[in-house]
Amino acid sequence: MIFEERQIEKNNFSSRATLLFGSIILGLIAVLIKVFSLQISGYSDYQLAALKNKNYAVPVQSLRGEIFDRNGKVLVKNQPTFDLITRPNLISDIDSFLDEIEPVIFLSHTDISRYKKLQKEKAFVNKELVLKKDLSDEEIARFNVRSFNFQNAFIAKRYRRITDYPEIFSHVLGYTSRTDDDYESMPEIPKSHWKDAELSYAHGLIKGRIGLEEIYDDYLSGKHGQRVYEINARGQLVQPLSFIEPEKGSDLFTNLDIEAHKSAAKYLGNRKGAVVAIDLESGGINVLYSSPAYSINKLSNGMSDTEFQDLINDLDKPFFNRALQGRYPPASTIKPAIGMYGLSNNIVNWDFEIKDPGFFTLPETGRVFRDWLKGGHGKVDMHKAFLVSSNTYFFSLAYQADIQELSNHLSSLGFGQKVCLDCFGEDQAFVPTPEWKYSMMNAGWVKGDTVNLGVGQGYLVATPMQLANYASLLATKGKYFEPSLVTFGNQKKSIKIWQDDRFDDSDWSKMHEALLGVIESDHGTARSIRGLKEFQVAGKSGTAELVSLDSKEAYQEVRASESLRDHSIIIVFGPMPNPRYAVSVIIENGESGGAIAGPVAIEVLKSLIDE
Amino acid sequence: MNKLFQKIYFDPYIFFSIFLLSMLGLFFLFSASNADTSIVSKQFFYVFVGFIIMILASQPDPDIFRRMSGLFLIFSLLLLSITYLFGPEINGAQRWVRIGPLSFQSSELLKLAVPVFLANFLFDKKLPIQRKEIIISLIIICCCFFIVFRQPDLGTALIIACSGLFVLFLSGLSWSFMGGSFILLIISSPFIWNILLQPFQRQRIATFFNPESDPFGASWNIIQSKVAIGSGGLLGKGFGQGSQTQLNFLPETETDFIFSVIGEEFGFLGVLLLLSIYLFLLLRCFYLALSARDRFCRLVIGGLSLTFAANLIINLCMVVGLLPVVGMPLPFISKGGSSLVSLFLAFGIIVSMGTHKKFLPQ
């Protein structure tokens, strides 16, 4: 090659090499810009993504608050039990481990098969696994002596939700049941992490079901803690990073009374029915008992399927809370309300008398409404009408009532609506109106319907809770508190007032006098319970007829079938003259109100007053 | 000592920048392998052998390389065909040839043999080079490309093609020819996509263009790599502290994705330092190419250093998400004896070409 040619070649090479090396430098700059955008501009996003990759947060279960009665005695507590926990990832041979531990801890076949099923999955991500729940003292002692043989197993405390009165507070307290997650309370922890929660309860993550446990669930449940683990790309736990301690839930101080509840359960026995008692000074509910009941300890801590099915299929419906959901005709216990209506609407006054022949004939149709006493009570004024529970008197009073106004009046006394502030699943029962009858039965309201209402029969139904609320209104002469299971210390409930200008203090006094006479006088229908106590009690009993019959003889035939027998009902308040408590009792198919439901009410009153 | 340095052919700039890179490489590898000393000591051995090879390769006169280039190419191809017939299968690909306890990825040698051979073929041709010469060069390049591509090893095959094309370009390929072949490439791209690419290669390219489509499948690698680099920030998380690396969220930390480890643990400043060393090394090669004694040396230095640069850029672009994932190590840093030794050999040849001076005109 000649010199010029070489010079041309060299220049040509230089420019081409510059072009290529220049492109390489541009490539390096492009990489640097990209790295800059990742590391500097995108830093916070990517840092978060890296944290999300490696940080695995699990909830640490909080303990629920405990529940106390009005005297500070514990109703529901957290009782420690002990579980045997293993670290399956560190156990090389599961079978020989189980063989070794069997003489120390009794293991059932289901324990073993469940353990074997779960251990592989837990071992992979090195998590803990429960081998046996609720160890006996003997097992704990045996294990502790030999614990050096079992490096990869340990005993841990797990709580159970326990009450010492599982059968007598079932409906009002409610129970707790297992839940898969508590995501709503802690949305920062993803749903899938809840299966790895660090548990405080042997039964797992729990949530209140029915009763106080459900109504006050947020208050009782406290705040779950949180433990953050570092995990690797395969999801295996590497090490714990941080821990936030759980906060125990608040304790719940209720108005319930253990002794009174015991009395209610004892005197109701195995009969179906309900008892509600209210403290008139605060509106606090001291007793809310429904029979038959069930064991909330079993429900909270694991009940076998057959036991549960038996409860569900029981014809007496133990899960049915009669105190809040049972709809009963109030029968004669409605008479004070009808009397109040008659007096405040000037249909009658205290001196007004009728002649009671033992029946009332509806003028329009000639239909006969019978009194419970054949032949009647003779001359009856209002006072006597309460004492002897004259149906004829209230038939004729109701006959003159305007059904719309009477419905409004009953509603103003709490019928047909929920009256308790914090009861779970309260039913509002029902006060009939002409519109209702027309839309439901496609029939017009007739006078006979109003007449029936006058003695608490027919379409009107009420719950024991409503009857107790009504009794507390009567006892406080209209200045009562709304009933509630829990009264928060400094938060005084405002008083509720029922008043009517045409129903004054003297009317109230006469009403109390009459209702006192029902129990305490020689002629009162509930005089049989007079001797059961040392204080004076006012009240009104009732017998709710389930079948409408024209004669006593016919009833004797009906009696043969127990489920058609009359319900016995009573509302009482005392001690008179300054009543402190109001009680309602219903005994299904108990017949004659005063004599059957009466003693239960008196015993409950006695336990409440004795304290 | 000074006398010795005057006697041997040695370039201090290249030597020290490579020394720095390979020492940093050992350091990063220690963290990337979760402190596996056996991996690091093995790599240290390769680095040591590499330096010896580099110094030895710097000594012969360029003319010796020129005369040997044909033999070198034939030897490389022979080695490759042995691999093809007898080599063990690793990850579905036959790439390795065993020599005693050592295994060698035979395609690495082709990266050197192809540019040296083409430089020899083209250095005395008149400008502009003729069609006949271009076609012979292209046939050689294509043959070598396809042999490696069928292994299958797309990354290395592309690098080999690049190494040949760089020499062809530097030796004065006409612009009109390049324009024509570019158009041809565009037209034939559907054919390449459907017939030549393996399904997994097609999938990699598809996920590159839409990485969020499959966050736990094929694009996992690239997403985790970006998270690792991004979460390093300005200063990094510290040596051995990168959660993406240490907890194995990042794949292939010792090989293809070691740059992400550096990004995570040493941050933007670490990346800046590393890229500066590479840049310095490349600029030194550029200088040597321009000041080399003859056309053959220029072409060899240019071809080899640009091949090295392409290798580097492809790896960097891949881990930061600018290119689809192709298996390509980060030179001097990633684990792997074959690529390391062939890199040292390449730089040994570059030093030889750059430091032997012949003052008499040919």
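Good morning. In chain A, the C-alpha centres of domain 1 and domain 2 lie 48 Å apart. The domain assignment of chain A gives residues 57-253 to domain 1, and 258-304 + 328-610 to domain 2; such bounds come from an automatic or database domain assignment. This is a predicted model, in which local features need pLDDT of at least 70 and side-chain atom pairs count only at pLDDT 80 or more, while totals for chains, interfaces and linings use all residues. Residues are numbered from 1 along each chain as its sequence is written, chains are lettered from A and ligands numbered from 1 in the order in which they are written, and side-chain values use heavy atoms, with hydrogens and water left out.

I turn to the interface. Domain 1 of chain A brings 31 residues to the contact and domain 2 of chain A brings 30 residues, where contact means heavy atoms within 4.5 Å. The size of an interface is often given as the accessible area lost when the parts come together. Here the two domains of chain A bury about 2,700 Å² between them, 62% of it on carbon and sulfur atoms; this area is found with a 1.4 Å probe and summed over both parts. On the side of domain 1 of chain A, the residues that lose the most area to domain 2 of chain A are A:Arg70, A:Ile168 and A:His171, together 22% of what that side buries.

How many salt bridges are counted between domain 1 and domain 2 of chain A? The count is 2, a salt bridge being a side-chain nitrogen of Lys or Arg within 4 Å of a carboxyl oxygen of Asp or Glu. The side chains of A:Lys73 and A:Glu259 form a salt bridge at 3.9 Å, N to O.

Next, two individual residues. A:Thr81 is found in strand β3 of chain A, strands being DSSP runs (E, at least two residues) numbered from the N terminus. A:Thr81 counts as buried because its relative accessibility is 7%, and buried means under 20% relative accessible area with a 1.4 Å probe, protein chains only. Leaving aside neighbours within four places in sequence, the contacts of A:Thr81 include A:Asp134, A:Ala156 and A:Ala202.

A:Ser62 lies in the loop between β1 (55-60) and β2 (67-68) of chain A. With a relative accessible area of 3%, A:Ser62 is buried as well. Not counting residues up to four places away in sequence, A:Ser62 touches several residues, among them A:Tyr201, A:Ser221 and A:Pro246. Thank you.

How values were computed. Helices (H or I, at least four residues) and strands (E, at least two) are DSSP runs, numbered from the N terminus. Buried means under 20% relative accessible area, exposed over 50%, partly exposed in between (1.4 Å probe, protein chains only).
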